Every structure is written in C-alpha cells, then in structure tokens.
Amino acid sequence: MAATAAVPKKIKESAGDRIFLTVIYIILTLVVIAIIYPLIFIISSSISSPAAVTSGKVWLYPVDISFKGFSVLLKTPEITTGYLNSLFYTTAGTLISVTLTIMIAYPLSRRTFFGRNALMMVITFTMIFSGGLIPTYMVVKEMHLIDTRWALLIPNAIWVWQVIIARSFFQSSIPEELLEASEIDGCSDMRFIRSVVLPLSKPILAVLVLMYAVGQWNSYFDALIYLKSANLFPLQLVLRSIIIMNNSSGNMDAMAMVERQQLSELLKYSLIVVATLPVLIIYPFVQRYFVQGMLVGSVKG
Amino acid sequence: MKHWQLHLLVIPPILFFLIFKYYPMLNAVLAFKDYNVIKGIWGSPWVGFKNFQLFFENPMFWTLLKNTLKLSGYLLLAGFPIPILLALMINEIRGGRFKRFVQLISFAPYFISTVVMVSIIMLFLAPRLGFANIALNFFGMDSINFLGEPGMFRSIYVWSDIWQTAGYSAVIYLAALAGIDPTLYEAAKVDGASRFQKIRHVDLPGIVPTIVIILILNVGNVMALGFEKVYLLQNPLNIANSEIIATYVYSIGLLNANYSFATAVGLFNSLINLILLVTVNGVAKRITNNSIW
C-alpha cells in the first residue's frame, strides 16, 4: 500500500477507492445485463421464425426475422377481444380510480378538514387488515356485480397507498398562501381545486394515471374470480389460458402438427410482447415523473 | 359549514371504503357460521369456533403454515437486503448517463404483469426447449424439470421476484440517501474516509430509519404473500411446497364453495399477519425508535 501513499494529492480518488468504484461499475453492469437479457431474448424470439425458436437458434438477435406470430395473434378472436377489453378496463378504470383518489386525497391534505385524522385512520386500517377473499367476494355478489364489467372497475378502485402519496404531494406542493388568497377572493373549494390544485399537480396526476393504468392493464385475479363470460375477459386472462395452461387457440387447429407445435411456441413469445408493449412504450416517458412522485410520497409517509 | 364542498367530495370514496373494505370485515362472521345459501350470511346458524377447529385439526394445517412461512421467510431474507445494496451502489455513481440508465432498466421489470412474469419463467425453465436447459445441455449437464421439482419452487419464486422488484424497491432508499446532510460527507472527506468507510459510517446510518420502516412493512406482509404468482406457478408436481394458505383459501372457498371454512382460514391468516405487524412494530420502536405508528 506504499504506492497509495505516494500518489500526489491532486488526484482525488485513492487507489482503493478507484478499485472499489470499478467493482461497483462491474456489478451494476452485470445487474443491468441480468435484467435486460431476458427481455431482449423474448423480443428477439417473438420476431424470429417458428423453426429458429424451437431449435434454440435464437439466443440474442432475431433469427430469420418473421412476423408470423403477430399475424396469427391478430387473427385470433380471443386475443383481439381480450385486447379491446383490456383497453376499455384500463381507460375506464384509470379514470374512475384517479378521480376517486383525488376526491379523498385532496380534502385529507387540508389541515383544517374536519375529521381528517379519523378518516386517515379509517382508510389506512384497510391496508393492514381485510375481511378476506370470500367475504369480499360475497359483497361483490350481493351488489350483483359478478360477471359484469363493473366488477373489474369498482371493487378495487382506490389503492390506499396512492391516496397517501397524493395527499403528501398536495400537502407539500400547494402553498397555503394560495388558498388564503383565493378564499379572500371568494373562490369556492371546488373552483380552487379546478383552477389551482389540478394545474399545479401534473406530476402526481401522471403518477396516479401510470400506476392505476398499469395496475388495470396487468390485473387478472379480479377477472379470474368475478367474470364467467369469455367475451368480457381481459387480455391477461386470455394470456394465462394460452401460455400457462397451454390451451392452444382454435385458429391453429387446421395446421400441420409440427408446424402447429412450433407456432404455438412462437406465439407465446409474441403474446408476451403484445401484452407488455403498451406499458413498456409509455414507461420511459413517464419514468421521470414516476420517480419524482414516489420520492415526494416517501418523504412524508 | 364553510367547507361543505370538501365533505361532499369525500362521500363517494368513503362509500367505497365502507362497502368494499369494511362490509367484508363484517361478512367475516361467516367464519363463525355454517353458511347456508338460502338463509344468507346473517340467517345462517352460529357454530362458534368449529371452522377454526376443523382447520387446526386438518392434516394440511401444518403443511400450509410451514409453506407460507418458509416462502415468505426466504423472500424476506433474500429480497430485503438486495435493494439496499443496489441503492448504495447506484448512489456511488455520481450523475451521468450510466446512473440514469441503470435506474431506467432496473425499474422496468416492475411493470411486467404477474401473468407475463410467470409466462417468462415457464418459457425459460421449460423442460425441453427452455433457455435454462439449453444452457445446461450446452455445458454437458442433464436437463432439469425446474417447475416439476418441489425443492426448486421457493428459489424460483423468490429470485424471479427479486429480478422483478429490486430496482423498484431501491428507489425509496435512494430517496433516503439523497436526504442525507451533505456536511456529513464533507466531514468524512476531511477525516480521510474511503468510499467504503463513507458508506458504512454515513450512508448506512443515514438510511436506518427507512430500512426499519420497510422491514416492518415487509414483515407485516409475511402472510399476505402474492397469491397470484404462487397460484400461477403451481402445478401438481410442485404442490407439496407451493400450496400456501392463500391458494388453499381460493381452492377450498371459491372452487369448492366451502365459504365458511375458507373464511375461517383466511381470517386466521389475516390475524397472524396483524399480530406479526404489531409485534415487529413494537420491537422496532423499542430498539431503534422508528415505527409506523
């Protein structure tokens, strides 16, 4: 370690630190590869030829590029219906959830709101204790929501965690002076929300929209327990029956055995890509907002 | 009432919580009844703790409890420290593209749905054509039917979970690291601390409150294991290790329509969870002065 001592002072990092930092860079690079490799592999497989996929020729780049998987998916009615259903559930569900979340998070952020602490306790308690699967199912049944589209939109509309994040955001980013000023001008609470709070809350709105939209797009459990009619099924449920339960779709029955088997293997990759694409396309654009929003939310839990 | 509009605003959300969160808690009396479809929940006869007793005497009881605790214990032990390490490492890189790139990538898998995640796992671990077995064969090793081996179930579950959520969980620690007083770093620098010493003596103590809170929340979720993923990964071959309380409630309750019994099992699960949360919170409050309430 004598060499370390001899290093001139103008170099900030000592040799030990530089080695330490290099190790960190190497580890993080490996982490990134470990995360990104499976994703690349799936995308490459989805646009390779069925034969190349089943013979294990694809390992990084696509081999014999073909979009056969996607064209078959487009012609499969369950998948197109599932896709349209998921789009509907995501749009409608996000709209309902974000509206309801703001309706409770904003009043909770106002220090003068009557019953604020009691209400906060009432809703946070539901995070740590619940009636359970069957009692909740019974309520949904009693409300006659079983096998209707509402079953996927209403029973899980508000996530307490999102309420907490939104409340912290409103508390820390809407200056109380603005409220006082507008109150003097005779502005009503509704009007204040519309013309002051919402325009100032774009980052948190982005976070709420993203989280609820992703949640809706990805959810399948509610559909599994509440829906019976196949024409209402969201994409994730269709996906499960094709990939995990291996029910090949009707469209493929006419094809030759070998080709069918190869194609069904390829279809799984294409399906994964198709089901994840919308989320991954929006993600890089909203990621910045998202991290911001999460940081704001975690400052005052 | 000057702010009547605000109170009007909270009515629909409150109705939501009453109907879909609190009403089910009332419905949990089902656990103490012998449910009869015609008489309904409140008309069905009381049976006291019979359903609980049936569960405790059930030969499945210990298996379920053991599977649930082992799986979540494993997840906690392996999954809890990794985001902390990840955050500490990302924090060492000052600014720059690489940092943003690492964050962007490590965050992304969080947005993959459980169904897709399980699909990916199944494709990678498929007995014949899966990537893992092709790799094993390449190195001259025999193929393994990963999902058919009960012994591998927990590792598959836990490590795929870490793959999916570590980057996301790291963000909270990164936020805490960003909040550490910069003068502490100055002082450490003056004292000639190395990067490693700085992590040990400034970074780690600085995020202890966050670590404790997250630990409490994680322990409070021990019994509330992600039903979806376990259920989807489950198959007749690995069922010995993959049947947990949540999947059992689903199959007994909804598939076999044994409502009262399943509610009792679910209630038992929720209670254990609540007790764990309260205990850990209390212990943490005593030892570190941090707690969630």
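Predicted model: local features only at pLDDT ≥ 70, side-chain atom pairs only at ≥ 80, totals over all residues.
## Confidence in the model

Among the elements of chain B, helix H2 (residues 40-43) has the lowest mean pLDDT, 83, while helix H5 (residues 81-92) has the highest, 94. Chain B as a whole averages a pLDDT of 88, and 99% of its residues score at least 70. For the complex, the predictor gives an ipTM of 0.86 and a pTM of 0.88.

## Transmembrane annotations on both chains

Let's turn to the records. In an unreviewed entry, UniProt lists "transmembrane region" for residues 7-25, 71-90, 102-126, 162-185, 206-227 and 259-284 of chain B. Two of these spans can be compared with the model. Residues 71-90 of chain B are 95% helix and 0% strand, with end C-alpha atoms 29 Å apart. Residues 162-185 of chain B are 88% helix and 0% strand, and here the end C-alpha atoms lie 31 Å apart.

For chain A, the UniProt record (again an unreviewed entry) gives "transmembrane region" at residues 19-43, 87-106, 118-138, 191-213, 225-245 and 266-286. Residues 266-286 of chain A are 100% helix and 0% strand, and their end C-alpha atoms are 31 Å apart. Have a look at residues 225-245 of chain A too: this span is 57% helix and 0% strand, with 17 Å between its end C-alpha atoms.

Helix H4 of chain B (residues 60-79) has 20 residues, which should span 28 Å at 1.5 Å a residue; its end C-alpha atoms are 28 Å apart, so the two values agree. The buried residues of H4(B) include Phe61(B), Leu64(B), Leu65(B), Leu71(B) and Leu75(B), and also Asn67(B), Thr68(B) and Ser72(B).

Helix H1 of chain B (residues 4-27) contains Ile11(B).

## Salt bridges in chain A

Over all chains, the structure holds six salt bridges. In one of them, the side chains of Asp189(A) and Arg110(A) meet at 2.9 Å, N to O. This pair links distant parts of the chain, 79 residues apart: Asp189(A) sits in helix H11 (residues 189-200) of chain A, and Arg110(A) in the loop between helix H5 (77-109) and helix H6 (116-128) of chain A. Both Asp189(A) and Arg110(A) are buried.

Glu265(A) and Lys268(A) form another salt bridge, with their closest N and O atoms 3.9 Å apart. These two residues both belong to helix H15 (residues 257-299) of chain A, three residues apart, or about one turn of the helix. Glu265(A) counts as buried at 13% relative accessibility, and Lys268(A) counts as buried at 10%.

In chain B, the side chains of Glu92(B) and Lys198(B) meet in a salt bridge of 2.9 Å, N to O. The pair connects distant parts of the chain: Glu92(B) lies in helix H5 of chain B and Lys198(B) in helix H11 (residues 195-219) of chain B, 106 residues apart.

Glu92(B) is buried, with a relative accessible area of 1%. Lys198(B) is buried as well, with a relative accessible area of 11%. Through salt bridges that share partners, Glu92(B), Arg195(B) and Lys198(B) are joined into one network.

Conventions:
Residues numbered from 1 in each chain as written. Chains lettered and ligands numbered in written order. Heavy atoms only, no water. Helix = DSSP H or I, 4+ residues; strand = E, 2+ residues; numbered from the N terminus. pLDDT = per-residue confidence, 0-100. UniProt positions renumbered as here; feature names shortened; annotations may be inferred. Expected span 1.5 Å × (residues − 1). Buried < 20%, exposed > 50% of the residue type's maximum accessible area, 1.4 Å probe, protein only. Salt bridge = Lys/Arg side-chain N within 4 Å of Asp/Glu carboxyl O.
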